[in-house]
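Subject: Structure handover

Hi,

Here is the structure we talked about. Please open it alongside this email; my notes follow below.

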Amino acid sequence: MSILVQRSDVGEFRRRYRWMVLGCLALFLMLFGRLVLLQVIQGDIHRGQARRNIVREVKLATRRGVIRDAEGRVLASNRPSYNVYVVPSQVDLERTWPRVVQLLGAEPAQAAVLKKRITDSASDERRKDQQVLLSVDVDRDVVAMLETHETELPGVEVVPVPVRSYPYGEVSAHLIGFMREVDGEDLTDLDSRGYRPGDRLGAVGIERRWESYLRGKRGTRKTIRAMRRMVHREELEGKYLDEPRLISPVPGRDISLTIDVELQQSVERAMRGQLAGAVVVVDVRTGRLLAATSKPTYDPGVLSGGRGTDATREAFRRLYADPLKPMLDKTISAAYPPGSTFKPFTALAALEEGVVDAATEADCRGGYEYGRRFFRCTGVHRRVRLHEALVQSCNTFFYAIGAHERMQIDRLAKVGLAFGLGNKTGIGTNPEARGRMPTRSWYARRYKGAFRGGFTLLAAIGQGAATVNVLQLGLAYAALANGGTLFQPQVVRSIETSDGTVVQEFPPRVKRIVSIDPGHLAMIKSGLHGVVTEREGTAHAETVAGADMAGKTGTAQVSHVTPRGVDPSKVWYFNRDHALFAGYAPSGTPEIAIAVLVEHGGGGGKNAVPIASRIVRDWLKMRDRQRSASAGARESDKSEEGS
Amino acid sequence: MVQASRISFRSGPQIDMLLLLCCVTIASFGLVNLYSATSVYIEAGKRSGLADIYVSQVYWIVVGGLLAILAAAIDYRHLERLAYVFYLGGLIALLLVLVLGPGIRGSTRWIQVGSFNFQPSEFIKILLIIVLSKYLHNDPRMEPRRWVDLTVPILLTAIPAALVMAQPDLGTAMIYVLTAVSIVAMLRIRGASLVWGFIFCATVVPVSWKWVLRDYQKARITSFLDPEHDVTGSGWHALQSRTAIGNGGLTGHGYMQGTQNQFGFLPDQFSDFPFAVFAEDWGLLGCTLLLGLYCLLCIWSIHIASQAKDRFGAALAIGVGAMIFWHVFFNMGMAMGLLPVVGITLPLFSYGGSSVLTSMVGLGLLMNVSMRR
């Protein structure tokens, strides 16, 4: 009986079984479907991901290209900087620490600060294994000492970091430039070019503009991640690594400049007494830059991080606070009124226009009356012709040219622009201040009120709205010296691979040839020669002996405003005129052109000429020495052939 | 003589060869696979605790086999009488866990007995199945039931589920509920009650999200819904496991060759993700075989239930089958990224004494019912 009841009870369940079987099958089918999706349909994606999990790409470091001068002397290269670290949990503060302090030569106060930092870190569970930086860019001897005593100094670590080094220090720093660490903005911009956090790239100058050549290319090596099970590495690599397994790094290209370090050093020597200014020396026959200096300067090694980040930050703080603007490349990134150095171009314009000739005279009585204004001269020169006007820098003569009804301001601008003044030179190192040759339309756009003839008078003596940069001035005088060929300035002579093979050479490039009447040019040149050689010449008194040169002094008036952030007691300095000299040497057959600017230096004759003449003297000595050396070499060649 | 043997053939206990074969095959696969999963550590030269996993799993299988024989040998109807005693004992053990148990990864699941850790929440699964089966056995009414009529089974399930949630162990609680639902589903329930039940669930889910679930449990669920969002945190396990399975492809990398496993990208590869190891080594072909075996086991347990001679036996068979099924479904589902990561083991595959013993005893009960139909 009871058995029967039980049997009928089971019947209640019976209708459920089919549904349960169906549900069970359906869910298993779902799992199976998912398996097919993962393993077959998306199989390749997952296999790729699994492969990426175990393969690691190690980046192989490259070497940044070296920058050399014209004679092959190294201006920028790479060196290891040794930083000393301490691991707080491992260092023995009783026995090891005093020795470390002694070896590093740390000052007691500094050592105490470091010791406190180490003890603090050692007591912190999270930081006790993190290295504490003791000293950056440690001397090689100290490194050697630390390494020989390595076993006695547990927890002290020496880590080499590659840094850019500049063997000549501040010499030509603005031109060569320096390095900086990439920031977040660069990384998003340059991602495709393979920069990674912590990399350095050229910040200014050649380092920046030729970054893509200097930088080189990282290599990669694929390896298999460390595995817990010991299996033959080669076997695994053969199985899981795709070819190519190794891409060798490509070292950066070396760059040879047209700069001559010896001349450059002589320029810096000549500028030593000046606070701020710029000098440019250009080869008259090629337009190649032989020297370029901007003062005040900076140490590119420190700015590139050679002495650690603290030193870099401190250096930048000081540089940006300096009212003399050391970060500015004053050879091209700033424009100044050319002052009297513009007069030869005014003269040329007047000669070409037929406004004056060699016999045209002006009577200088200390100035020129024009309209209701009196335009002052530098002195009373009495009766002067073009030659005397150039030699003595008589403004009156040039005011008279400017006042002539056939001499328009556009005419002056045209000649200036023809010589490259007021136009970018395209040297490609730092951002260029273009300068300006004012024209009527410029005044119409920029100046309220009607155009006045007085503007032309000021333009004729290089004042007013006219501005140029120092390199433009040097190149324009080079064009005067070589008879009218304006060169495209060059600073990079060739690019080489790291083993010295020349990849690309840059021949001189002529920008334009200015047609000048030879007679007119001869008159100008004799005037420029007289500036230096004649007794009344503005440069005569200050030219050092043995400097055979020709050129023109200039004193550029500065608008009397107080620059922001300058101590009022020092304002007098910022109101002084800029001293200028532009010329070429030797005077007979010119080879170099030179432009000197001393910011707020005062009169051009007194302040710029000594610098220029010293550079020219040194350059002449260097040239003669080279010539006799090469002549001697030729002699000995001949004598060897003879014997 | 012939007559006698026929009678003994029909009435005497008869071993269910299909069930036995199925279980032995799955367990062998599990052991072989566990060796692959732990091989990473074994050959590293340092025999750490992890490397011993394989050996101790063999011990557990042997002990589990003996318990299974015991569970199969004693007539299951004796269990019915003792069901409530066992159940109460289990609840006390669960309470003890909450009071005494040491915390492991933020949850307390173990009681230390002597030198080995004992996880009562695993064994409760069997006790719950027994006690629910007893309830069904003693409630043979024919008309459809309302919720009020189901108060007792709901309470029987809710109490251990709540205690386990307090540990907190979401996965195990879920297994309790799903197993209980599967058993109770055999009863006839009024349509209106089902609708109400559905509405109740729909309200409970958001409420429990807000007040009951712990942060790490929520993190697992959110990372399941959006695994790419946080690849180093909670989503990491799921993502690496899915990659391992996909990496297996059609035929797999071969035994002990799966890179995800060998290079240590699979966390918890012994307990939570042995299927990922298996899938990477054997590919779709191996997985289909394994899936088929589990499917056969589940359907066979329904078959056993349908052949059972009383309600208790039928409910017992369905309960064990459901327990196995939900474990398999959740474990594989989470390994494949179909379901969130909740620590649910794969029966006979995953490492763990309590888990192995529970599965083995359950299968022993299944055999018991099968032998006495």
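P586(A) sits in the loop of chain A between β22 (578-585) and β23 (592-598). The bond that joins A585(A) to P586(A) is a cis peptide bond, with omega about -10°. Please keep in mind that this is a predicted model.

Chain A has another cis bond to look at. It runs from K295(A) to P296(A), and omega is near -10°. P296(A) is again a loop residue, placed between β12 (289-295) and α12 (300-303) of chain A.

Next, backbone angles. K325(A) is not a glycine, yet its phi is positive, at about 50°. You will find K325(A) in the loop between α13 (309-321) and α14 (343-353) of chain A. The cut-off for buried is 20 or more.

M256(B) belongs to the loop between α10 (235-248) and α11 (259-262) of chain B. With 18 other C-beta atoms within 10 Å, M256(B) is therefore partly exposed.

Now a helix pair in chain B. Helix α5 (residues 120-137) packs with helix α14 (residues 353-371), both of chain B. Their axes are 8 Å apart, and the angle is about 15°. Angles under 35 degrees count as roughly parallel, so α5(B) and α14(B) are roughly parallel to each other. The crossing of α5(B) past α14(B) is right-handed.

Which residues meet there? From α5(B) come E122(B), F123(B), K125(B) and I126(B). From α14(B) come S354(B), S355(B), T358(B), V361(B) and G362(B). The residues of this contact between α5(B) and α14(B) split into 3 nonpolar, 4 polar and 2 charged.

Last, the contact between the chains. Chain B puts in 48 residues and chain A puts in 35 residues. On the side of chain B that touches chain A, the elements that give two or more residues are α2 (17-42), α10, α11, α12 (274-307) and α13 (311-335) of chain B. Which element of chain B gives the most to that side? That is α12(B), with 11 residues. By type, the side of chain B that touches chain A divides into 27 nonpolar, 15 polar and 6 charged residues.

Best wishes

Technical notes. Residues are numbered from 1 along each chain as its sequence is written. Chains are lettered from A and ligands numbered from 1 in the order in which they are written. This is a predicted model: local features need pLDDT of at least 70, side-chain atom pairs count only at pLDDT 80 or more; totals for chains, interfaces and linings use all residues. Helices (H or I, at least four residues) and strands (E, at least two) are DSSP runs, numbered from the N terminus. A residue is buried if 20 or more other C-beta atoms lie within 10 Å of its own, exposed if 12 or fewer, and partly exposed in between; C-beta atoms are placed from the backbone. Axes are lines fitted to C-alpha atoms, for helices over the stretch in contact, and angles run from 0 to 180 degrees between N-to-C directions. Angles under 35 degrees count as roughly parallel, over 145 as roughly antiparallel, 65 to 115 as roughly perpendicular and the rest as oblique. A crossing is left-handed if the near helix is turned anticlockwise from the far one by less than a right angle, and right-handed if clockwise. Two residues are in contact if their C-beta atoms, placed from the backbone, lie within 7 Å. Ala, Val, Leu, Ile, Met, Phe, Trp, Tyr, Cys and Pro count as nonpolar, Asp, Glu, Lys and Arg as charged, and the others, Gly among them, as polar.
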